[in-house]
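Student: I would like to learn how to read a protein structure. Where do we begin?

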Amino acid sequence: MTGLFITLEGGDGAGKSTQAALLAGWLEQQGIEVVRTREPGGTPLGAALRELLLHGSDVSPRAEAMLYAADRAQHVAEVVRPALARGAAVVQDRYIDSSLAYQGAGRPLEAEEIRGLSEWASEGLWPVLTVLLDVSPELAAERRAAAGDRADRLEREAAEFHRRVRDGFLALAAAEPHRFLVLDAVLPVEELHRAIVARVEPLLAG
Ligand code: TYD
């Protein structure tokens with residue numbers, strides 16, 4: 001596998017999509033083919049799963065974990081691995097770390113079981129870099145309200161759930177400092193972009 005796999009993670013409203021778009025633009029300027037994608041919903045099957053997960057009725061924690069894993073299995077097989085195999089950079093909103101934080105830390109499930117499920121779904125594919133845009137649940141909620149977003153099924157969860165998710169992300173980053181770049185999502189957009197580029201640039205040489 002020769003391509004570059006980069007994921008962006010963080011709570012809802014952390015600004016992942018903005019940074020993903022800026023990074024994709026910068027990589028294209030370097031003459032690199034970029035595939036911008038996301039989970040859940042990066043394939044036609046995934047779009048249907050996304051609808052069920054975010055706008056459907058109640059989903060039990062285990063069913064939720066398996067639906068995210070199903071989305072991931074299809075997405076990795078259909079989009080991510082083919083792109084990496086032809087040497088493209090994949091810039092992706094959310095991946096396994098979201099399952100570890102939301103399902104593994106947020107829900108009453110075993111994080112190690114969620115890891116096993118995701119590794120099975122992805123056949124062990126991990127990104128070379130994961131940018132964690134760390135945001136407090138309070139600020140994230142403010143941003144969503146300011147943007148006029150209607151909360152989806154996960155966003156409607158209690159503040160305590162979002163605190164566990166945030167702590168979950170930070171613990172993952174602390175355990176794997178070489179894969180993670182943790183940035184404070186309150187920083188200005190341009191400053192965040194510069195910090196991400198500074199971390200990505202050396203990866204292009206290697
Ligand atoms: P996303 O589309 O990133 O929503 P937003 O743009 O509001 O951040 O993600 C949808 C939701 O799915 C988000 O609340 C996080 C959740 N999620 C999980 O719980 N587990 C997962 O494995 C993934 C990929 C997402």
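Tutor: Begin with a term: two residues are in contact when heavy atoms of theirs lie within 4.5 Å. Keep in mind that this is a predicted model.

Student: With that term, which residues is Phe5 in contact with, leaving aside its neighbours within four places in sequence?

Tutor: Phe5 is in contact with Val80, Leu84, Val90, Gln92, Tyr95, Leu125, Trp126, Pro127, Val128 and Leu129.

Student: What is the general idea behind a nonpolar core?

Tutor: In soluble globular proteins, nonpolar side chains tend to be buried together. Here the largest nonpolar core has 29 residues, and Phe5, Val90, Tyr102 and Leu125 are those with the most contacts inside it. Helices α2, α3, α4 and α7 each supply at least two residues of this core. The most comes from α3, which gives 7 residues. Apart from this core lies another, of 24 residues, including Ile6, Val135, Leu192 and Val200.

Student: Is helix α4 mostly covered or mostly open?

Tutor: Helix α4 spans residues 96-106 and is mostly covered, with 10 of its 11 residues buried. Among the buried ones are Ile96, Leu100, Ala101 and Tyr102. Their cover includes the strands β1 (4-10), β4 (129-134) and β5 (180-184), along with the helices α3 (61-85), α5 (111-122) and α7 (159-175).

Student: Next, charged pairs. How many salt bridges does a search of the whole structure find?

Tutor: The search finds 15 salt bridges. One of them joins Glu39 and Arg72, whose closest N and O atoms are 2.6 Å apart. Glu39 sits in the loop between β2 (34-38) and α2 (44-55) while Arg72 belongs to helix α3, so this pair ties together parts that are 33 residues apart in sequence. Both residues are buried.

Student: What about a pair within one helix?

Tutor: An α-helix has 3.6 residues a turn, so residues three or four places apart point the same way. Take Glu112 and Arg115, which form a salt bridge with their closest N and O atoms 3.6 Å apart. The two are separated by about one helical turn because they are 3 residues apart in helix α5. Glu112 is exposed, with a relative accessible area of 56%.

Student: Which parts of the chain does the pair of Arg166 and Asp134 link?

Tutor: Arg166 lies in helix α7 and Asp134 in strand β4, so-called distant parts of the chain, 32 residues apart. Their side chains meet in a salt bridge at 2.9 Å, N to O. Arg166 is partly exposed, with a relative accessible area of 27%, whereas Asp134 is buried at 13%. Salt bridges can also form a network, as the one linking Glu64, Arg107, Arg153 and Glu157 shows.

Student: How do I find empty space?

Tutor: Rolling a probe the size of a water molecule over the atoms shows where empty space is left. In this model the largest pocket holds about 640 Å³ of space. Of the 30 residues that line this pocket, Asp12, Lys16, Arg50, Arg94 and Glu155 are the closest to its centre. The largest share of the lining, 4 residues, comes from α4.

Student: How do the residues of that lining divide into nonpolar, polar and charged?

Tutor: The lining of the largest pocket has 7 nonpolar, 8 polar and 15 charged residues. For the second largest pocket, of about 210 Å³, the lining has 10 nonpolar, 4 polar and 6 charged residues. Nearest the centre of the second largest pocket lie Val135, Ser136, Pro137, Ala140 and His162.

Technical notes
Residues numbered from 1 in each chain as written. Predicted model: local features only at pLDDT ≥ 70, side-chain atom pairs only at ≥ 80, totals over all residues. Heavy atoms only, no water. Buried < 20%, exposed > 50% of the residue type's maximum accessible area, 1.4 Å probe, protein only. Salt bridge = Lys/Arg side-chain N within 4 Å of Asp/Glu carboxyl O. Core = buried A, V, L, I, M, F, W, Y, C linked by side-chain atoms within 4.5 Å. 1 Å grid on protein atoms, 1.4 Å probe; cavity = no way out; pocket = protein on both sides within 12 Å on 5 of 7 lines; lining within 4 Å. Points joined across faces, edges and corners; volume = space filled by probe spheres on them. Nonpolar A, V, L, I, M, F, W, Y, C, P; charged D, E, K, R; others polar.
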